[in-house]
Amino acid sequence: MDEKYFALKIEQKWQRRWAENRTFEADADEAKEKFYALEMLPYPSGRLHMGHVRNYSIGDALAWYKRLQGFNVLHPIGWDSFGQPAEQAAIKKGVNPREWTEDNINQMRAQLQKLGFSYDWRREIAAHRPEYYKHDQWFFLKMLERGLAYKKMTQVNWCPKDLTTLSNEQASGGVCWRCGTAVEKKDLAQWFLRITAYAEELLTAMSEIEAGWAERVLTMQKHWIGKSEGAFIEFKVQSSKFKVQDSESPRSIKVFTTRIDTTYGANAIVVAAEHPIIEAHKAELSKEVLTKIEAIKIEKAKPTEYGEEVEKDGIDTGLTAINPFSGEELPVWIGNYVMLEYGSGAVMSVPAHDERDFEFAKKFGLPIREVVVRSSDSKVQSEDGKSPIETVFTDYGVLVNSGEWSGKSSEDAKREMADFAKAEEFGESAVTYRLRDWGISRQRFWGAPIPIVYCEKCGAVPEKYENLPIELPETAPFTGIGESPLAKVPEFYETTCPNCNEPAKRETDTMDTFVDSSWYYFRYTDPKNENAPFASEIANYWLPVDQYIGGVDHAVMHLLYTRFWTKVMRDIGLVNFDEPVKNLLTQGMVVGESFYSESKASYIAPDEVEIKRDAKGKVTKAVLRSDESPIRVAIEKMSKSKYNGVDPDDMIAIYGADAARIFSLFAAPAQNELVWLETGIEGAVRFLQRVYRFVCKWSQESGVRSQDLESKIEDLSAITSDEARKLRRKTHQTIKRVTENFENYQFNTPVAALMELSNALGDFKIEPETATDAEKFAVREALESLVLMLAPYAPHFAEEMWEVLTGSEKGILQSGAAFPVADENLAKADEIEIPIQINGKLRSRILTAPETAKAELEALALADAKIKEYTSGKQIVKVVVVPNRLVNIVVK
């Protein structure tokens, strides 16, 4: 054993040994309880960042913990390797996307291996390889057979920078999810997957996973699916210039409402700026209206935070529509809060009974008329719509000012008015969803080809299964002008019809990369299968995933798509479960300190800044070294341009992989943002060095384990050494605490507990040369437990320390070592401190056994010398005893 801790030497040694011994390989075994630990697979951009390190450190800690508990653990990794960046590199640098991707994978794989993550590398997959995307195409054909894939001309979301289409989820907030550019609308023929067929099940099945998924993620999915139960009503548009002969023009506005009982209170019809009725009557609209419409479109395209409220805006178009219930003529407005993709892209504004409509009406001076009151004897605030109204009544109640339905309850009126609308053929009951079908066509080269052939005689024909995969050509002309590069490669698109064998053309769009990531972790279970995506019996053993770890930014894209895909696979007969992931942990972002110089109007590298910090590491002074001008310090997302990015390779070279992993797990709860500070990783190194010295100090009997010492001691419970008893108690308290934390997916607090145990070892006053067997046993038990509990955080270090302590070269897992189990009796404190209060103020403390009864606690408190001073000459009204917590004496 070296006298000093050399991280790189130890880490390289154990990485070689793990590979030689195939330590982390796992296969399905019905005799063992399985655990599937999974982190979201990376895009091979070329370099890992600290966000990757944190994500994978969380998953690896859990994988190690479960292995040490005896689980059969599947922990794989792969590459989400199709996508826009490779194509952009081809356009900008003239490189081949395939070569660029493979080079990046090689670099990032080497980085992952240097970090020592315990992956089963046999299972590595990459989405861009034909053996993988062959099955993307297989799934597409299966969905086509089931009516779940179809093509139609539609107005799509278009990114003018990346020059490709986007799904609604990828254009959320009006901007491209990848580059942030404002999204435009464009008419294109696109392939869609009918995710709406599963809309209701995607909602109801949340009950299966709500215990293990973050509430925020499920709320975001519920909002995105957007189920509403109500009715459709047709409001006929009045127009002096309406062309009756133009049968294609819309003559009415179809409104969806969840409160048909409030229809008599409508003061306007408010439509989205993109609503077809606007285009149909564009010639009748004033210049002011047209200008306002364009302004609203631009404003709506700007990004907003999830749940952020936008100030209401709109304009009266000059058009009117007839309320079919009351016959009243209502103005047609444009409103920025109405979305074309939700409901029908139009709402009836009922300000007395809807907060959003109330805000809109107040701003623009529209009439507000009450038509529902709490009860039949409630006073109506405004019957004519002109009287001021101060409160909005959104509950169900009794109808007023509503024609023949006045006096009826909201529940009865909703049912009867929907029936009336259906009988009169101007409406009907309906359930709507905000969710829209998933557009998967992309005008890219670097994606899975869509297996469709277009034949003049047969139309759109699916490719034969035996012809899969339809492979991408080696390269294509990358023009960057928005058309699919495959349309310029005759050797790709020229083919023969699978039906009639006549000349035909292939589809030249490729699939959205979220297709690849919707099922990749199923492929991990059977990655070499050439005939099917995976064998059902193997997938059904390993899945559902027991713990999935990734970012919340995928809540309504990947995480929604993969739930849909799983249900399709179930219906095809591939799997026997409904939900793919039992537990989901959304880790926080890794951020860093940035330094901005006002005088230079730019970000500054840290080495150009003079920094002073307080004891807690907070910056107290930051000035530019060259001229001492002030520097603004901020915590921001890591970025090269802000000089606050951290290269994991640098951290490994300086501090070691284990220290980087410990800090990434210890610095903050996994769900929270982590601020990367180099002082923190230095602290992790000092902790490991301290443990290293303890092991070195007590390893003179290398090969003698605690159980060997245990056999020399007749009665462990009779150990009388105070030092030994105290250390054993701390050891078992730590085991208990760390185990409970792991079971609750808390990864930062166990590190603090392990540091406390190392401090207890440091406080152990007895030297190895003079220690009794009992004292040696207590130390060895503490060290072995500490090392085993460190394995999920610093596996290389733990392996080395285990070898030193036990003399075994097999390694922790292959030697059959298990995570330590706490002895509840030993973990109990001999004495606990109980605060004594007088009228709620702390006045003294007493030490007593944890099991002390309430009556005895009261007696001890009253007998305390300090308490006697405070109670002398006063009347004791009562004594409140909370066992193991406090005693409060009330006096007057």
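**View 1. Arg-434 lies over the face of Trp-224.** The distance to the ring centre is 4.1 Å. In another such arrangement, the charged end of Lys-312 sits over the ring of Tyr-337, 5.8 Å from its centre. A charge sits over a ring if NZ of Lys or CZ of Arg is within 6 Å of the ring centre and within 35 degrees of the ring normal. The model is predicted, and local features need pLDDT of at least 70, side-chain atom pairs pLDDT 80 or more, while totals for chains, interfaces and linings use all residues. Residues are numbered from 1 along each chain as its sequence is written, and side-chain values use heavy atoms, without hydrogens and water.

**View 2. Trp-333 and Phe-364 form a tilted aromatic pair.** Rings of Phe, Tyr and Trp (its six-membered ring) pair if their centres lie within 6.5 Å; planes under 30 degrees apart count as stacked, over 60 as edge-to-face and the rest as tilted. The count by this rule is 51 aromatic pairs. In the pair shown, the centres are 5.1 Å apart, with 55° between the planes. Trp-333 belongs to strand S10 (residues 329–335) and Phe-364 to helix H11 (residues 355–364), 31 residues apart. Helices (H or I, at least four residues) and strands (E, at least two) are DSSP runs, numbered from the N terminus.

**View 3. Ile-549 is found in strand S22 (residues 547–550).** Ile-549 has 1% relative accessibility and therefore counts as buried (under 20% relative accessible area; exposed is over 50%, partly exposed in between; 1.4 Å probe, protein chains only). Met-40 is 509 residues away in sequence, yet 6.2 Å from Ile-549 in space, C-alpha to C-alpha.
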